[in-house]
Amino acid sequence: MAPVHPFAGVDGRHRFPSRVLSRRSVLGLATATGAATVLAACGGAEGSVSTDHVLSVSLNQTETHPSYIALAKFGELLREATNGRWGARVYPNESLGAQQEVIQLVADGAVDMAVISSPQMENLSLRFRPLNLPGVFTDSDHQAAVLKDESIVGELFESLVESKNLRVIGGLTQGSRHMYTKAPVSSPDDLAGKKIRVQESDVFISLMRAMSASPTPMAYGEVYTALQAGVLDGAENNEISYVTQRHYEVAKHFTLTNHLVGLDYVVAGENTLKKMSANDREAFHDCFTKAQDYFVELWKSETDKAIDAMKEAGSTIHEIDPSVFGPAIDAVAEQFLTTPEDEELYTKVREHESAKGDSK
């Protein structure tokens with residue numbers, strides 16, 4: 001019997017196949033569907049955005065993922081706060097292209113906003129690397145608090161405006177990341193020679209090697225097929241992505257390695273933001289902060305649902321002693337703190353009060 005999807009009832013419209021589109025195609029798709037959304041809104045269609053300006057938001061997750069739900073909420077909040085002058089439309093499933101291509105589309109103005117993983121941000125600037133290292137965040141609550149602390153991330157989030165025309169407006173957790181494989185994993189010996197999908201990042205590649213696996217960089221949308229065909233022996237991610245991408249169908253063993261608390265950045269084109277009035281831009285940031293808070297609570301509840309779905313689907317969840325992979329994980333973090341600035345940022349994050357449980 002097929003497992004009941006844990007996020008049933010979420011609107012599954014606007015699904016596009018994963019592919020890389022040309023800039024002209026992206027402009028055409030965003031314009032056409034944006035116009036259709038406005039027209040549908042006039043007729044009262046459920047979930048549509050009635051607004052003068054529809055911001056296109058690129059996402060590589062499905063419509064059932066908390067990122068999609070929270071960003072759709074952001075669009076609704078923005079429409080209400082600006083009296084219909086601005087709204088947002090989320091394009092899931094890499095329908096506007098893979099992240100490495102979408103970054104340039106946002107810089108060019110062909111796409112307004114995008115959710116970009118930490119490794120892709122590292123490719124733009126290594127200054128973001130300390131926030132993507134093992135051990136920098138204790139959990140998603142600690143991470144969320146740091147992302148709203150301008151004394152820590154304010155200057156960093158503005159650092160790409162002049163050179164790339166990109167502004168980081170915030171972040172969404174990827175949760176604690178774990179290993180899932182076709183065969184059980186209880187020690188580094190079980191990962192020896194196993195091909196594990198990783199993001200295109202020196203940190204992730206080094207981390208998998210330190211854990212004895214054979215890292216295999218690959219686009220996110222290709223993982224299911226690669227696992228099914230035997231090109232991969234496993235991958236690493238959080239519980240929600242494991243379920244929403246249905247990877248439990250092709251990799252039944254989920255090992256709680258907790259090797260990193262992942263992070264997605266939300267970036268916007270600076271030229272897009274400049275089109276807003278001062279009041280609308282303030283509303284934009286306020287609405288995004290509210291959407292971030294909504295996302296944190298949603299992430300927690302959906303993680304619990306995902307764990308239930310994993311068990312119902314027949315996956316085996318393996319708990320292991322943290323000391324099994326702990327030394328290798330810590331060594332990777334130390335390896336990539338190569339400048340005084342990196343060490344300072346890493347230390348500030350680790351010493352943030354939320355990491356000590358003094359704030360939520």
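**Entry 1: what I am looking at**

I am working from a predicted model. I keep that in mind throughout.

**Entry 2: cavities**

How many cavities of 30 Å³ or more are there in the whole structure? I searched and got 2.

I took the largest cavity first, and its volume came out at about 310 Å³. There are 25 residues in its lining, and those closest to the centre are Asn 60, Gln 99, Arg 197, Gln 199 and Tyr 220. I then sorted the lining of the largest cavity by class and got 6 nonpolar, 14 polar and 5 charged residues.

Which element gives the largest share of that lining? I found strand 4, with 3 residues. The elements that contribute two or more residues to the largest cavity are helix 3 (99-108), helix 4 (118-124) and strand 4 (166-181).

Next I went to the second largest cavity, which holds about 30 Å³ of space. I listed its lining as Ser 58, Leu 59, Asn 60, Gly 97, Gln 99, Val 102, Ala 114, Val 115 and Ile 116. Helix 3 and strand 3 (113-117) are the elements giving two or more residues here, and strand 3 gives the most, with 3. By class I noted 5 nonpolar, 4 polar and no charged residues around the second largest cavity.

I moved on to packing. Two packed helices are described by the angle between their axes and the distance between the axes, so I looked up both values for each pair.

Helix 2 (residues 66-81) packs on helix 13 (residues 278-312) at about 150 degrees, and the axes are 8 Å apart. Angles over 145 count as roughly antiparallel, so that is what I wrote down for helix 2 and helix 13. The crossing of helix 2 past helix 13 is right-handed.

For the contact itself, I noted that the helix 2 side includes Ile 69, Phe 74, Leu 77 and Leu 78, while the helix 13 side includes Phe 284, Phe 288, Phe 295 and Trp 299. Lys 73 in helix 2 takes part too, as do Lys 290 and Glu 302 in helix 13. The class count for this contact is 17 nonpolar, 1 polar and 3 charged residues.

**Entry 3: helix 9 and helix 14**

I put the crossing angle of helix 9 (residues 202-210) and helix 14 (residues 326-336) at roughly 145 degrees, and their axes come within 9 Å. Helix 9 passes helix 14 in a right-handed crossing. Asp 202, Val 203, Ser 206, Leu 207 and Ala 210 from helix 9 meet Ala 328, Ile 329, Val 332, Gln 335 and Phe 336 from helix 14. I counted 7 nonpolar, 2 polar and 1 charged residues in that contact.

**Entry 4: helix 6 and helix 15**

Are helix 6 and helix 15 oblique or roughly antiparallel to each other? The axes of helix 6 (residues 150-158) and helix 15 (residues 340-350) cross at roughly 140 degrees and come within 10 Å. Roughly antiparallel needs an angle over 145, so I logged helix 6 and helix 15 as oblique.

On the helix 6 side I have Ser 151, Ile 152 and Leu 156, which meet Leu 345, Lys 348 and Val 349 in helix 15. That contact has 4 nonpolar, 1 polar and 1 charged residues.

Technical notes:
Residues numbered from 1 in each chain as written. Predicted model: local features only at pLDDT ≥ 70, side-chain atom pairs only at ≥ 80, totals over all residues. Heavy atoms only, no water. Axes fitted to C-alpha atoms, helices over the stretch in contact; angles between N-to-C directions. Helix = DSSP H or I, 4+ residues; strand = E, 2+ residues; numbered from the N terminus. Left-handed = near helix turned anticlockwise from the far one by under 90°. Contact = heavy atoms within 4.5 Å. Nonpolar A, V, L, I, M, F, W, Y, C, P; charged D, E, K, R; others polar. 1 Å grid on protein atoms, 1.4 Å probe; cavity = no way out; pocket = protein on both sides within 12 Å on 5 of 7 lines; lining within 4 Å. Points joined across faces, edges and corners; volume = space filled by probe spheres on them. Parallel < 35°, antiparallel > 145°, perpendicular 65-115°, else oblique.
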